[in-house]
Every structure is written in C-alpha cells, then in structure tokens.
Amino acid sequence: FCYSLCESPMAEGTVQSSFADLAELMKKVMAEEAARMEHQRARLEKDREAFELQKQADMAQAKAQLEAAQSQAKAEQEELRRALEQERKALAAEKEAMKPHTQPDEVVELSIGGTPATALRSTLTQFPDSMLGAMFSGRWEQSLRRDKAGRVFLDFNPDLFRKVLEYLRLRAIEDPSLPAPLPRVDEDQRAEYTSLIAHLGLK
C-alpha cells in the first residue's frame, strides 16, 4: 500500500511542490540576509566616511590653532625684540650723554659766593669721588648752577674756598718727596672750614 502511494503521481507532485516552496523560502531568506548585510556594510561605510571627514576637520582645526599660536608667539617675540632694541638704544644714548665731553686742561670759570675765580678742570677733579670731582667731571655740565655771566656758581665762603683751591693747585704740581702743605686756617674759621671740607668730600 505504501509503495503504491509513494509511487503515485499525486504524491510525487506534492513532494516537488514542497521542495520548490522550501527553495523559494531559502532564496527569500538569503536575499533578506544579503540585503541586511548590504545595509550594514553601507552604514559602516557611511560611518567610516563621516569619521574620516571629522578627523580631517579636527586636524585642520588643530593645524590652524597651531599656526595661529606660532604666529602670535612670533609677533610677541618680535615686539619684545623691538622693545629690547629701543631700550638698548636709549641706554646707549644715556651713556653717551653721560660721557665727559670736556678736556682736563680746560679753564673753568667760577663764581664763589659772587667772587669770580678760575681753575683748570684737572685741578678741580683731582679727587674723582669728591663733590668737586663729580661736579666738574663733565657728566653733569648741563645741570651746574651758573650766574648771569655763565660762571659756575658755588655758594661757599670765597676766602675759605680759595684756601681749598690753592691747596688743590699745589697738590697738582707737588713733588712726591715734598707733599703740598695743608691750608693754614685761623682758629675762628676752623669749624666753618672743616664743614666745607666735609661738604666737598675732601676730608
């Protein structure tokens, strides 16, 4: 009975139909899977392209920021260089202005408390660290106080300052074996003379 049923045309057609349906189903499933994989591949490709674009944008931004920072640093460095150069020139000009522009054998016209006097610049500057040495070094020539005749005005007792000036003159020509004698000062003027010497920085 079974043999006859399986061999019948109706049974054979049913089996063939089942195989066809199964093949169609498998084809449909495979197509869907292929579509799903293609969709996934396309999405991954799109994500990769987006990532590449973002990476390029980030790199371009980082490069622009780096170039801007370098440009700013270069500008600041140049500005600092110019400032240092200006400061150097100003310092050089100041040093040049402070240089003595006088000669040791120059005759200096003085007014000692209103009394005219003259002396060589070298005579007045024998003690460089004294007030006279600084005043007549040539560095402060423009700031020296002068009278109407243009003489350098020193507001000192003329008689006492003359003793100082005579001592400086003798000292300028003294022999090492015979030092210039110290000025002789009357007792009633000794305190004032001592104060003058201390003020002049010759003590």
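**Core, surface and charge pairs**

Tutor: In this predicted model, F136 touches V108, L110, R121, L124, T125, L144, V152 and L154, with residues up to four places away in sequence not counted.

Student: Which residues touch the most other members of the largest nonpolar core?

Tutor: This core has 23 residues. The elements that give two or more residues to the core are β1 (107–112), β2 (115–120), α4 (131–135), β3 (152–154), α5 (158–173) and α6 (190–200). The residues that touch the most other members are L110, F136, L154 and F161.

Student: In what order do the elements of the protein chain run from the N terminus on?

Tutor: The protein chain has six helices and three strands. From the N terminus on, the order is α-α-β-β-α-α-β-α-α.

Student: Is S130 buried or exposed?

Tutor: S130 is placed in the loop between α3 (121–124) and α4. Leaving aside neighbours within four places in sequence, S130 is in contact with L200, G201 and L202. The relative accessible area of S130 is 4%, and buried means under 20%. S130 is therefore buried.

Student: How does one class the aromatic pair of F156 and F161, and what is the reason?

Tutor: The structure holds one aromatic pair. The ring centres of F156 and F161 lie 5.8 Å apart, and the planes are at 25°. Planes under 30 degrees apart count as stacked. Both residues are buried, and because of the ring geometry the pair is classed as stacked.

Student: What separates E52 and K55 along helix α2?

Tutor: E52 forms a salt bridge with K55, with the closest N and O atoms 3.5 Å apart. E52 is partly exposed at a relative accessible area of 25%, and K55 is partly exposed at 35%. Because the two residues are three apart in helix α2, their separation is about one helical turn.

Student: What is the N to O value for the salt bridge of E78 and R81?

Tutor: E78 and R81 both lie in helix α2, three residues apart. E78 is partly exposed, with a relative accessible area of 31%, and R81 is partly exposed, with 45%. Their side chains meet in a salt bridge, and the N to O value is 2.6 Å.

Student: How many residues apart in sequence are the parts tied together by E141 and R121?

Tutor: E141 forms a salt bridge with R121, the closest N and O atoms being 3.3 Å apart. E141 lies in the loop between α4 and β3, whereas R121 lies in helix α3, so the pair ties together parts whose separation in sequence is 20 residues.

Methods
Residues are numbered from 1 along each chain as its sequence is written. This is a predicted model: local features need pLDDT of at least 70, side-chain atom pairs count only at pLDDT 80 or more; totals for chains, interfaces and linings use all residues. Side-chain values use heavy atoms; hydrogens and water are left out. A nonpolar core is a set of buried Ala, Val, Leu, Ile, Met, Phe, Trp, Tyr and Cys residues joined through side-chain atoms within 4.5 Å. Buried means under 20% relative accessible area, exposed over 50%, partly exposed in between (1.4 Å probe, protein chains only). Helices (H or I, at least four residues) and strands (E, at least two) are DSSP runs, numbered from the N terminus. Contact means heavy atoms within 4.5 Å. Rings of Phe, Tyr and Trp (its six-membered ring) pair if their centres lie within 6.5 Å; planes under 30 degrees apart count as stacked, over 60 as edge-to-face and the rest as tilted. A salt bridge is a side-chain nitrogen of Lys or Arg within 4 Å of a carboxyl oxygen of Asp or Glu.
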